[in-house]
Amino acid sequence: MSPWLTVVGIGEDGFKGLGRNARHALLGASKIVGAQRQLDLLPPCIRGQRQLWPSPFSLEPVLSQRGAAVCVLASGDPMLFGVGASLARQLPAEEIQVLSFPSSYSLAAARLGWPLQEVITLSVVARPISALSAQLSGGVRLLVLSNDGHSPAAIAGLLRERGFGPSRISVLEHLGGPLERRIDGTANDWADPAIADLNLLAIECLAEASTPRLSRLAGLPDSAFRHDGQLTKRDVRAMTLARLAPVPGELLWDVGAGSGSIGIEWMRTHPSCRALAIEADDGRQQLIEHNREVLGVPGLQLIRGRAPQALAGLERPDAIFIGGGVTREGVLQACWEQLKPGGRLVANAVTLQSEMTLMDWRERHGGELTRIHIAQAQPLGEFDTWRQALPITLLDLHKPRDLP
């Protein structure tokens with residue numbers, strides 16, 4: 001089948017900036033779908049019926065025309081945070097052709113002299129700006145697509161809150177068009193000037209001297225989390241996540257999530273990692289909500305309830321961590337049954353009863369048991385001594401691929 005749908009990337013210079021193939025597709029289209037701003041860039045010689053995207057947004061106006069000569073207009077590169085990517089998930093590759101235009105990222109990098117491969121590209125279009133927190137680190141350069149003209153001020157405020165007030169900000173409006181403009185400043189002195197809705201932020205991250213360094217590797221300092229004492233401590237957390245072995249695109253269940261530290265660090269390893277935090281305590285639920293925002297993973301989904309009842313109907317996970325409740329009847333069994341074949345289950349125990357539960361489970365299903373002893377040097381009078389933390393028993397096992 002030859003492509004019936006053409007997605008055309010268009011810039012601020014409109015129809016005249018398009019290549020021959022894009023112009024030909026628009027001239028031959030029976031229907032053209034896009035935002036009002038994009039449709040207004042087309043000249044009268046384009047005869048196809050023009051249709052706005054519906055609100056709330058839906059791909060149905062395009063998918064319902066399957067087989068007709070349809071064009072979709074998108075800003076810049078349609079496959080980069082664009083509608084082209086959404087359509088490509090719904091249609092076979094042979095039914096769609098994408099004619100890209102230079103993205104706003106490419107244009108911004110050219111204006112700033114930034115090698116694009118060394119820059120982190122992000123978008124806050126219909127996304128929470130708190131997700132930027134996971135990317136903040138001294139010396140990092142970010143290019144961020146804004147949701148609207150208020151985004152720069154909101155992001156400058158986030159930078160100040162996270163200890164990155166000295167960061168240099170450049171706002172680039174209407175890139176590639178006659179109204180192109182650049183505004184420079186820092187997060188600390190951002191004056192909130194009037195800015196067009198179509199803009200992009202370039203950020204050179206500079207931290208305050210007192211701002212803690214938060215690595216993307218497992219084992220954030222305990223102080224990075226707000227908690228009530230129910231927290232998988234730093235060293236044990238790093239060992240636990242090493243066994244959970246996050247892989248891009250995978251889903252984790254964090255059962256008995258406490259402050260949410262395991263699920264949060266799982267998601268920080270890669271933007272496509274997902275996690276469900278199952279927690280019954282109201283106070284800890286609030287801690288999870290706070291920590292996921294501050295540490296840049298607002299997509300962490302909070303499941304309010306107690307396992308095993310709260311696990312019913314959830315998407316099957318690739319990995320499960322049980323930090324609390326292993327002795328509760330049915331928890332281990334429900335987790336094991338819902339774990340995908342080939343998935344990983346890790347459970348930690350502190351009490352003798354929970355340790356015996358893990359030992360029994362290992363007898364029946366295999367896996368490895370590890371005893372973790374950690375001591376920290378602490379003052380004793382004029383000297384220091386080792387203070388032993390409670391030992392942790394860790395069960396780590398993989399579900400065979402031939403099990404359902």
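**Salt bridges in a predicted model**

Arg66 counts as partly exposed, at 49% relative accessibility. Partly exposed means between the cut-offs for buried (under 20% relative accessible area) and exposed (over 50%), with a 1.4 Å probe and protein chains only. This is a predicted model: local features need pLDDT of at least 70, side-chain atom pairs count only at pLDDT 80 or more, and totals for chains, interfaces and linings use all residues. Residues are numbered from 1 along each chain as its sequence is written, and side-chain values use heavy atoms, with hydrogens and water left out.

**The count**
- A salt bridge is a side-chain nitrogen of Lys or Arg within 4 Å of a carboxyl oxygen of Asp or Glu.
- By this rule there are 17 salt bridges.

**Arg66 and Glu95**
- The side chains of Arg66 and Glu95 form a salt bridge, at 2.5 Å from N to O.
- Arg66 lies in the loop between helix H3 (60–63) and strand E4 (70–75), and Glu95 in the loop between helix H4 (83–90) and strand E5 (96–99), so the pair ties together parts 29 residues apart in sequence.
- Helices (H or I, at least four residues) and strands (E, at least two) are DSSP runs, numbered from the N terminus.
- Glu95 counts as buried, at 5% relative accessibility.

**Arg371 and Glu355**
- Arg371 and Glu355 meet through their side chains in a salt bridge (2.5 Å, N to O).
- Arg371 lies in strand E16 (residues 368–372) and Glu355 in helix H11 (residues 352–365), so the pair ties together parts 16 residues apart in sequence.
- Arg371 is partly exposed at 44% relative accessibility, whereas Glu355 is buried at 14%.

**A network**
- Salt bridges link Arg141, Arg168 and Glu204 in a network.
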